Every structure is written in structure tokens, then in C-alpha cells.
Amino acid sequence: MQGTTLKALVNTPHLPIYKTFLAPAWNRLTGGTLEVTAVDYSQLTDRIIQDVRSGDGKFDIFDFYYYGLGAIAEAGALVDLTGWIATNPDLRAYDFLPSLYDAYTLYRGRRYALPYDGDQHLIFYNRELLDAYGLEPPKTWNAYDAIARKVTKGGNGQHYGAVVQGQPEPMALGCAFINRLVGYGGDLVDDAGRPTLTSAAAIAATEHLIDIAPYALPIPIQTDLDAASVAYLSGQVALVETWTGIARRADDPTLSKITGKWGVTALPLGGPNKQRRTPLNGGYGLGVSTSSSNPEAAMHFIKWVTSGSEMLLETTQRNSAIDPNRSSVLTSDTYANTTPAAYPLIRSGLQGTPLIWPKGAFDPDNLGQLVQQIALAIEGKQSAVTALRKAQADWRYA
């Protein structure tokens, strides 16, 4: 293991922590080299499967979205870690957050990964813009609408009430839809895994996206994570629903023009629903490629990188996109002090019973079809009901 070179395939937002923090630390620990390749979120699951099925086998470690777990496992791309986890009590698996552990690692009764980066969305707001219009942070999606309309109408193209990540990808428009779906009290699938996309909650969520589009940063279906983050941190928009790591960037004057001028609140509720539920938007497992030529070293790496001590360091680095995977990290004062404004909401969400995205073999494609249909509805090319009926009809499950 000493001096071994490991190659990891990761999502682009994780690249800075791997290159500037993990790679040097791994070298100091083992004398080995960590080489990192990053791909856009729209390509991550496919690239993992392609690397193994093509015979290229370039990577030892996969940093994957958990909703792709079934597709990746069925492709034979991940080493089954069930026995290894059971015989390594120093992994302290009991410390992994219950809301994440099975969601991120378990497929058909076998574990293929260790949980990494406990992602969720919150509403971040520009306090200065809200104050200028005499507005309060939204508690409901109707209030969110009212803010978006008022600020956008008054902004004359200089600022906008909201930014919607509407790029038709699961990790953009999929999150925007699911945020509203849980707000209205809905689910993607039932207990048997059958889609519930024609429910009243799903229709209300899609209609909300259609209605908000004219008052969001132009053009929603072309807006991805990077565009949304830039608009918010530059002070251009009043509201953004996004991952909690933006809190550290908002407070960094080298990255943000809204330092000291921002706030955060929970995702809004909608309609008659009174039960708040956090959707696990994104979130990652760390697994070992079945094509790895250094599987033991790769297992040692994922054990080290997901450990409590290492995760505490990773989650508290400047401009880190990494969120807690363990109870010990989530409840530590050190972590709490890095994001004091967002911390109570982060802790509440990860300690709750969140909505877990489906992660069967067909679900990356299912979710991709869903967001394509919703994007057409936002463009005015079909109704919300038509979009959801088509997505429901095309949904495959085993």
C-alpha cells in the first residue's frame, strides 16, 4: 500500500477538496499518490459504468451519486463491500448517520460503498434585497412566489426574486421539482417502488415551476448549479434553493459580495401539507471499482476518507462542498461553528426521516425522463398534467 497510486473519478464540485486537501494528506499518510478526474454531474453515473464495461478500468475509486447505485451495481462496476464492512469494526459503521447509511450504500441487501457528503437543500436568501422590499423569508411556496414576483418586477433586470436550477438534469431540475414535491406532501414512488407522479402534490409542484419561471433568473431551463451560485453570491437574486455548502462561500469575502447580508431558512411548505420533510438531494457513496488493480489500497482510502476525524476536517475546510456523513461530525461543536446560521437546519434535516430518491437500476433514466418532460412544461409546450402522465407511463421499475 505504501507508495501506491490511486485514481479516483469524482463529481466536479468535489474536485477542490480532493486536489488541495485529500491528495496531499494521502501522500503524507502513505507516501502514495492520489490522481483525481472530475466530470460534470450530468455524466457521472454513465462515466462510471462506461469505465468498467469498456474494459478501460482507469479508476480505483468511484465517488458516485447514490441515486445511481442500483445502475452502477447492476453493471458490475462496484466491489461488494458487505463482508469487508462486517469484519472491520474500526470503521465505526454505527456512527454513520441512519438517514444516509442505507440510502447511500445498500442495494438489494448488499453494501457497495461507504457514505460520503450528506447533501440536502435549504433556501438561502439575500437579507438586503428582502429588506429593501419589506419582505420576510418564505415559509410557504406561495410566499416564495410573492417574493419572486415583487423583487423581479422591481429589479428592472438588475436583480431577480429567485433563481431556479431548471437545467433538465436530475441534479438540477430534479432537485427543484422534488423540493416542491415534498413541500406539498408528495413522494416520487410508493412503498413498492411504483411511481406516484400524477398525485395532486406532484401536479402542484410542477405547476409551481411553470408559474415561477417568468420571475426567476433568465432562463430557468438553462440554469445549472454554477450559474445559480454565481447569481446568488454576486447579490443578483433574493432567493436560491441549493446545497448547504454555499453557506461557507457566502461568508467568504473573496468569494461573495453578500457577506453579512444573507440568511437561510427551511424549504417551504405548500397547500394543506404541514409536515416538513427534507429530500436527500444528491449525496454520495464512495466505492471501489471492480476494475481496480489496487482494491486493498482503495478500500483503505475510502475507510480513511470517510472516518470521523477526517470528515470533520473535510467539512470545515474553506470553500468545502462536503457535508457530514456521521453523527459524531454533525453534532460536533467544531462543525457547528463553521456554519452557525445554517447549522440548526442542517442538523434537523440529516437527523430526520428524509425523502430518499429511488436508486434502482432504471432510476437514473427514469429521473432523466421526468425532468425532460417537466422542462417542456416550463417552456409552455405541454401542461403539468401531460408532462407527469408521460413520465409516469415511461417509468420502469423492478
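Predicted model: local features only at pLDDT ≥ 70, side-chain atom pairs only at ≥ 80, totals over all residues.
Me: What makes the chain as compact as a globular protein of its length?

Reply: The secondary structure comes to 18 helices and 11 strands. The radius of gyration is 21 Å, close to the 21 Å that the globule rule gives for 398 residues, so the chain is as compact as a globular protein of that length. Along its principal axes, the C-alpha trace spans about 60 × 50 × 35 Å.

Me: Why are β8 and β10 called edge strands?

Reply: The sheet in question is open and has four strands, in the order β8-β9-β7-β10, with mixed pairing. Strands β8 (160-163) and β10 (262-265) each pair on one side only, and this is what the term edge strand expresses. From one strand to the next, the twist averages 20°.

Me: What makes the five-strand sheet open, and which are its edge strands?

Reply: The order of this open sheet is β2-β1-β3-β11-β6, with mixed pairing. Its edge strands are β2 (33-39) and β6 (114-116), each of which pairs on one side only. The twist averages 25° from one strand to the next.

Me: How do you know that β3 and β11 are paired, and which way do they run?

Reply: Five bridges join strand β3 (residues 61-65) to strand β11 (residues 284-288). Pairing requires at least two bridges, so the two strands count as paired. They run antiparallel, and in β11 the bridge partner of F64 is G285. Helix α5 lies across β3, β6 and β11, running at about 115° to β6.

Me: Why is one space called a cavity and another a pocket?

Reply: A cavity is a set of points where a 1.4 Å probe fits but cannot get out, whereas a pocket is an open set. A search of the whole structure finds one cavity of 30 Å³ or more. About 40 Å³ of space lies in the largest cavity, and the residues lining it are A247, R248, D251, W262, T338, T339, P340, A341 and A342. This lining divides into five nonpolar, two polar and two charged residues.

Me: What makes up the lining of the largest pocket?

Reply: The largest pocket holds about 640 Å³ of space and is lined by 28 residues, of which P13, H14, L225, R249 and A321 lie nearest its centre. At least two residues of the lining come from each of α1 (15-30), α10 and β9. By class, the lining divides into 11 nonpolar, 10 polar and seven charged residues.

Me: What surrounds the second largest pocket?

Reply: The second largest pocket has a volume of about 460 Å³. Its lining consists of 23 residues, and V189, G193, P358, K359 and D363 lie nearest its centre. These lining residues divide into 13 nonpolar, two polar and eight charged.

Me: Why is the backbone at R92 worth noting?

Reply: Most residues other than glycine have a negative phi. Phi of R92 is near 55°, a positive value in a residue other than glycine. R92 is placed in the loop between α4 (82-86) and α5 (98-105).

Me: Which kind of peptide bond joins P218 and I219, cis or trans?

Reply: The bond joining P218 and I219 is cis, with omega about -10°. Most peptide bonds are trans. I219 has its place in the loop between α9 (200-212) and α10.

Methods. Residues numbered from 1 in each chain as written. Heavy atoms only, no water. 1 Å grid on protein atoms, 1.4 Å probe; cavity = no way out; pocket = protein on both sides within 12 Å on 5 of 7 lines; lining within 4 Å. Points joined across faces, edges and corners; volume = space filled by probe spheres on them. Nonpolar A, V, L, I, M, F, W, Y, C, P; charged D, E, K, R; others polar. Axes fitted to C-alpha atoms, helices over the stretch in contact; angles between N-to-C directions. Rg over C-alpha atoms; globule rule 2.2 N^0.38 Å. Contact = heavy atoms within 4.5 Å.
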